[in-house]
Amino acid sequence: MPASGKPDGGTEDPLRLGRRMRLRLLAAVQALLADPSIAGQSDVARLAAVVLYTKSRAPKGSKDDNLTSIWVAELGRWMGVGESTVNRRVLVPLRKSDALHTKVVRDGKGHPTGLECLVMPLWNAHHGGGAGHPLALTAAELATLLRLCEALFGHGWAPKDKAPTPPGLLAARKGRGAATDRLGLLLMVLNTGSSGWLQLRGGSVKKREGRGAATMARLLGCSSAGGKKVLARLTEAGVAARGRKGTGTGMDGRGRVMVLPVARAYGRDLTALEAVRGSEAVFSARPAGAGGDLNPAVEAGALGASGKSEAERASEAEIPARPAGAELHTVHASVVTSVVPPQLDCGFSGEGRGGEGRRPERACVREDQAVDGETAAAGTGSPVAEGGPLRGEKPKESPVDERVEKRTAEAGAGGRPKVVGGGKAQQQRRVALPVDLGLRVALGPVSWLWERLSGWQQDQVAAAARAELSQLAGLGVAAERAPRLLADRLTGRLEETGGEALIRKPFGWLIGRGLVRRPSCSDRRCDDGTRLDTGGECGNCGNVVHIRRARRARTVAEINRELPHLGDGERRRILEERLREHTAAEAEDLVRRQEQARTEKARSCAARAAAAQRAEHDRQAAAAADAVRHALQCEDCGQEQAAGLCEACGYRRRTDALVAETALVAATWAADLDDQDAVAAVAADVRASLAESMAQARGAFMDLMEPDELDADPVSAASALAFCALQAVEQALPEFRVSALGRLRRAEEAEAEARRAYRTEQGRRWFRHNPNGADAIAAATKAAETARERTAQYLLAVRLEQLREQAAARIEPTRSAPWADRLPELAARPLEGGTTGTVTA
């Protein structure tokens, strides 16, 4: 065996993988092989994808980080095949399925120097799946996987200035099936714990192939017969061994498969395994006195060389509950217990005459008599048959067999499978894990238990796992870490139980124990003393333990001070009694605090209900006030249901306010602010100009509309005309403001401020050596313009405030008369335009 398989490899042995590292690498390899572009390919192509993925560089942000440089011949040596096989069965199909992108690297003369390969599932994982994707391994994890592959099937290297790398365990295995054996060994190692025993699949398997072959078939995705052949080749190569668990009755237990390199790497004792393998080598030898059905003259020594092949012996070794040295007999009824009396030595199965020495009767003698237990004829013909039928008798089939045969017949006839003993259809169960990547990672450690669940149970477990993942996300755990955290929890629960084989009720274990969070303290983020969000130890649990230890030490000190002459037993009894009293007091305090919390919660609920009721009352009052307000008439025109002001009058008010503001803006520079007549003259000119603009806007609107449309809805027409006037004023106000700022920029105050800013900027210390230079002049000019602009804005704001105060002082507060008093006066006014058909604003 190479160095990687020696027991003294230590922690540097590449086969000594920690549980977390092994599960991480297993998830990565399974995800790679399950990728749609790689699944369904040949074993040599899948192994090539694993090798290229293992040799890929860890990503650092660019696409070139995932490239792998390799030669075609070197890739073939990794898989034990030639260059033509690599080109024909690896590169072509992987390129066709978009699983691999390749580029030939050439030197300056055009000669090829290598082949750059990019594994697309790895690229997609880093750029689409995030850091939580199973394929997103770190540089250390990729290096660990590469060392493992080198130890298993690497072809060996001998560099000049470095230590040589010895060949792997299967380096000499080449040719047909070499890639399958190497891939199978890699998957076996990743599915094997520190004990060295391969984790076998559960459920029913074919007796001819056995559970080990079924497990290998599941790992490689092939048939059970193919898995049996691969396992036989690996056993012959010395990297696997088949054994059985020992039982207290001396019968062979369940078959097991040990991965020998892993067992040797962890220093496991293989003495018992060698003994089991030695017993399996002669399993055809009969016990003393065992009779044969076909050739009684054959002795025990001859049976060991009966001409059976290794495959047949391996298939027979998988039959459970059979003595290690017992020969297989002719098929009997399933209820017969084969027991050979010690006095039988001639080997014939029909010999059972007892001590009378009479001739044996016919096989059908007394078979037609009723069995009532009263006569001797009603019993069996053998005293050791224990009530069972003799050879050749046809016992009545049990209800279980009848139901099984009925179910098999219905399934074969095209009907849907039925539940045994019931009439409802059984839901089809899924053998593989869910399609969701998060659930696949989370439920990966219990995949064997998943296969033992029914369809309904699988749905319930998937829903529970999904709910637990969402709960972990709510506790502050990153979404990409939650599946792996749940997988670690299931792995820890399995270690506590002792393995999946000891779980009799998978569904109850998963729902009630495996997926359930077990907080050790009051912190919701605690799970068995570990913080879910950080992964470290729970500080609150440490505080609880510290408090309990301090309480115990304090109680011991009190007892020693109060009762110094007590014996050890009495002191221990009093200590436990006081600790129980303290625990009971804490429990009562907890109940009291819980009751207080419930009272506070009820009070808070009542307060929230009262607040909601008040809010609803206020909302109803506001709605009623709003309804009353909407029912008011317009203050200006008296329109009904106008909420105090109709739309047209609102536009008119806004227009008047903007006209007054525009007049004040124009007066800031065009008139003396202390001369009220000059201000009024400027305001009159501005109003006249704006009135002309408003008339033009209304005229343009009237030209666009038809007279019939205006007469059909006078209220809407008046609102539209008022809005046109408002828009005209809104467009004119910015123009007047820009004009006012331009005039104020040339005011004396602005010029004086600009000169001061110019001199100040020109006198900066970095311009003192050349104050008249181009840079100094440009900076000073810019500072002067900025100062002039700020001064103009300040002057405009100050003058507008002064004009507003003067206007407010001139306005006398007047109280508007009621609409009933104003209506006769407005009715006596003549209509503008001379006709009643013309609508004016």
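Predicted model: local features only at pLDDT ≥ 70, side-chain atom pairs only at ≥ 80, totals over all residues.
Biologist: How do H26 and H27 pack, at what angle and how far apart are their axes?

Modeller: Angles over 145 degrees count as roughly antiparallel. Helix H26 (residues 748-762) meets H27 at about 150 degrees. The two are therefore roughly antiparallel to each other. Their axes lie 7 Å apart, and the crossing is right-handed.

Biologist: Which residues make the contact?

Modeller: From H26, they include Glu749, Ala750, Ala754, Ala757 and Tyr758. From H27, they include Ile777, Ala780, Ala784, Ala787 and Leu795. By class, the contact of H26 with H27 has eleven nonpolar, three polar and five charged residues.

Biologist: What about H25 and H27: at what angle do they cross?

Modeller: Helix H25 (residues 714-745) crosses helix H27 (residues 774-810) at roughly 115 degrees. The axes come within 8 Å. This crossing is right-handed. Arg737, Leu741 and Arg745 are among the H25 residues involved. On H27, Glu785, Arg788 and Leu796 are among the partners. The contact of H25 with H27 counts seven nonpolar, one polar and six charged residues.

Biologist: Now the sheet. In what order do its strands run?

Modeller: The order is E1-E3-E2, in an open sheet of three strands with antiparallel pairing. Strands E1 (67-70) and E2 (100-106) are the edges, each pairing on one side only. Neighbouring strands are turned by 25 degrees against each other on average, direction ignored.

Biologist: How many bridges join E1 and E3?

Modeller: Four bridges, in the antiparallel sense, link E1 to strand E3 (residues 112-119). Leu67 stands opposite Leu118 in E3.

Biologist: Which helix packs on this sheet?

Modeller: Helix H2 (residues 43-54) does, touching E1, E2 and E3. The direction of H2 makes about 100 degrees with that of E3.

Technical notes:
Residues numbered from 1 in each chain as written. Heavy atoms only, no water. Axes fitted to C-alpha atoms, helices over the stretch in contact; angles between N-to-C directions. Left-handed = near helix turned anticlockwise from the far one by under 90°. Contact = heavy atoms within 4.5 Å. Nonpolar A, V, L, I, M, F, W, Y, C, P; charged D, E, K, R; others polar. Parallel < 35°, antiparallel > 145°, perpendicular 65-115°, else oblique. Pairing = 2+ DSSP bridges.
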